[in-house]
Amino acid sequence: MTDFAKMRDQMERGKGFIAALDQSGGSTPKALALYGVDASDYGSEDEMFAEIQKMRERIILSPDFTSDKVIGAILFEKTLNEQIDGQTVPEYLWKKRGVVPFLKIDKGLEDEAQGVQLLKPIPGLSETLAAAKAMGIYGTKERSVVHEANAEGIEAIVANQFDVAHEVIAAGMVPIIEPEVNIHSKSKAEAEALLAQALMAHTDALGDGQDIMLKLTLPEEPGIYDGLADHPRVQRVVALSGGYSTQDASERLAQNHKMIASFSRALTEGLQRDMSDDGFRSALGDNIRQIYDASMA
């Protein structure tokens, strides 16, 4: 069995969740601040990314960060060529931890229109995908945002996501389609109902071998995405924490029995740079166990 086939089997049947370690230029300062690294601690963007890479490496090297509970990890593009113990991060994740690597490919959001923010154009996408595939990356992740229950806007955001997804599939990879619903939206439940319908229509149009994954906000109506999770073209439906605390996100996830977690902030909640190694591993281990249990509920 090839590595890709093994990764596919793990994504379809593995027990655990996907870690989101893909903090980018926009989200890194906040992530570092929560980790106890002030902006005054770094003087340039390169130094900022070096600090977040140290945090990621500490997470990946922790004893609980293995395929026993973490079946995949989403990486930021700058992370691909970073090394851990002489191996690139994607290679280390798969060869040493048994964790399937994914790549965040989106380049930010367009201004809001019709209650949504579409993906900005992704320059050089074909070259990025080819390079990622050669490095052993299994799939991609691309995030856009729904703010309101606007049917036209939601159809536009889903069509935009599937346009990119088709490019990813053509490159021999599996896209994680992520139309996040803002947890503070006053029409969140209505938006999720419209989103479920639009996603199903586009997923139904996929052909054999055109497999996708979906990353969706934890819904107001538990089970609303179960039909998508059961679809033959959907390898997995994963949940983003979207600003919920680890406890809140885990409680909501436990009510959605066909979703598993793909948390970022909730995964790193409570971690601090100045923790002892034992303290860091213990705190991360507690988060991993809580998220794993909710994913398996």
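**Pocket exercises**

Glu12, Ala229, Asp230, Gln235, Arg236, Val237, His257, Lys258, Met259, Ile260, Ser295 and Met296 line the second largest pocket. This is a predicted model, where local features need pLDDT of at least 70, side-chain atom pairs count only at pLDDT 80 or more, and totals for chains, interfaces and linings use all residues. Residues are numbered from 1 along each chain as its sequence is written, and side-chain values use heavy atoms, leaving out hydrogens and water.

**Exercise 1.** Work out which element gives the most to the lining of the second largest pocket.

*Solution.* Start with the volume, about 160 Å³. A pocket here is an open set of points on a 1 Å grid over the protein atoms alone, where a 1.4 Å probe fits, with protein on both sides within 12 Å along at least five of seven lines; lining residues have an atom within 4 Å of a point. Next, β10 (234–240) and α11 (277–296) each supply at least two lining residues. β10 comes out on top, with 3 residues. By type, the lining splits into 5 nonpolar, 3 polar and 4 charged.

**Exercise 2.** Describe the largest pocket and its lining.

*Solution.* First, the space: about 820 Å³. Then look at the centre: of 29 lining residues, Ser27, Arg143, Glu180, Ser264 and Arg265 sit closest to it. α2 has the largest share, 3 residues. Finally, sort by type: 7 nonpolar, 11 polar and 11 charged.

Technical notes:
Grid points are joined across faces, edges and corners, and a volume is the space filled by probe spheres set on the points. Helices (H or I, at least four residues) and strands (E, at least two) are DSSP runs, numbered from the N terminus. Ala, Val, Leu, Ile, Met, Phe, Trp, Tyr, Cys and Pro count as nonpolar, Asp, Glu, Lys and Arg as charged, and the others, Gly among them, as polar.
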